[in-house]
Amino acid sequence: MSCYEALASSYDALTEDVGYEKRADFLEKLFRRSRIPVHTVLDLACGTGSMTWLLAGRGYELIAVDGSQEMLAAAREKNAPAEVPPLFLHQSMPRLDLYGTVDAAICCLDSLNYLTDPRDVQRTLRRLHLFISPGGLLTFDVRLPERLAALDGQVFLDETEDTYCVWRTEYRRGLCTYYMDLFTLAEDGSWDRSFELHRQRGYSVEQLTQWLEEAGFTEIRTWGDGKLRRPVPGEDRVYFTCIRE
């Protein structure tokens with residue numbers, strides 16, 4: 001089963017603690033670092049569109065891209081209040097192809113870590129440089145290698161009234177693998193079981209900085225997890241901002 005095929009319908013219920021409003025507040029603070037006003041935004045790896053619709057409701061025009069048809073279907077069904085509804089596109093990150101440019105691009109919740117081939121990360125950054133307007137902003141968050149390594153051997157449980165998800169982690173040679181068993185309650189009272197395998201690779205600040213520079217970005221900075229300060233050891237995620245020259 002492909003990544004997120006079974007999880008898409010339960011993803012929002014299992015991630016209620018993400019705190020999208022707070023993260024959107026932080027993104028808007030980062031938008032102010034752009035050299036140009038931010039009106040149009042690309043949400044790369046948008047998932048079920050929670051951040052997409054939230055920013056659209058705040059007055060931004062959104063283009064949202066994801067590689068999972070199932071996650072995009074869930075995103076389209078939300079139809080939250082927005083003056084301009086988002087445009088949803090089914091594309092992989094390294095093959096991003098837009099009709100024009102945007103003022104800013106975001107990639108949230110360590111989605112870039114799902115690119116386990118470093119060449120795909122580099123391709124993605126080059127594609128982003130192509131579709132962000134000169135002076136525009138790119139911001140994304142990642143989990144660093146040491147953070148992923150710390151997950152090795154751990155077991156996590158998420159549950160709702162009709163969903164039960166158990167996932168185990170294994171870290172080997174730079175790859176963090178998530179073995180995910182998902183149980184969903186059927187209409188007849190039985191439980192259906194699905195299995196998904198997710199993988200992430202950690203990239204260092206130095207690697208990402210080099211690749212951003214090679215792609216043509218400048219003013220590269222790192223931030224704490226939702227904090228306008230330098231990252232500190234042990235934080236779950238590190239944010240990057242940079243400017244498209």
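Here is a walk through the fold, from the sheet to the helices around it.

A word on ground rules: this is a predicted model, where local features need pLDDT of at least 70, side-chain atom pairs count only at pLDDT 80 or more, and totals for chains, interfaces and linings use all residues. Residues are numbered from 1 along each chain as its sequence is written, and side-chain values use heavy atoms, with hydrogens and water left out.

Start with the sheet. It is open, with 7 strands in the order E3-E2-E1-E4-E5-E11-E10 and mixed pairing. Strands here are DSSP runs of E with at least two residues, helices are runs of H or I with at least four, and both are numbered from the N terminus. E3 (87–90) and E10 (217–223) sit at the edges with a single partner strand each, so one side of each has no neighbour in the sheet. On average, neighbouring strands are turned by 15° against each other, direction ignored.

Now zoom in on one pair. E1 (residues 40–44) and E2 (residues 61–66) run parallel and are joined over 5 bridges; two strands pair if DSSP finds at least two bridges between them. Thr40 stands opposite Glu61 in E2.

Next come the helices lying on these strands. H3 (residues 50–57) lies across E1, E2, E3 and E4 (102–107), at about 175° to E2. Such angles run from 0 to 180 degrees between N-to-C directions, with axes fitted as lines to C-alpha atoms, for helices over the stretch in contact. H4 (residues 69–78) also packs on the sheet, touching E2 and E3, and its direction makes about 170° with that of E3. Contact here means heavy atoms within 4.5 Å.

H3 is mostly covered, with 7 of its 8 residues buried, among them Met51, Trp53 and Leu54. Buried means under 20% relative accessible area, exposed over 50%, and partly exposed in between (1.4 Å probe, protein chains only). Just after H3, Gly59 takes a positive phi of about 105°.

Asp12, in H1 (residues 11–14), counts as partly exposed because its relative accessibility is 28%. Leaving out residues up to four places away in sequence, Asp12 touches Thr48, Ser50 and Lys78. The C-alpha atoms of Asp12 and Thr48 are separated by 7.4 Å, although the two are 36 residues apart along the chain.

Finally, there is a helix pair. H5 (residues 118–131) and H7 (residues 205–215) pack at about 40°, with axes 9 Å apart. The contact involves residues including Val121 and Leu125 of H5 and Leu208 and Trp211 of H7.
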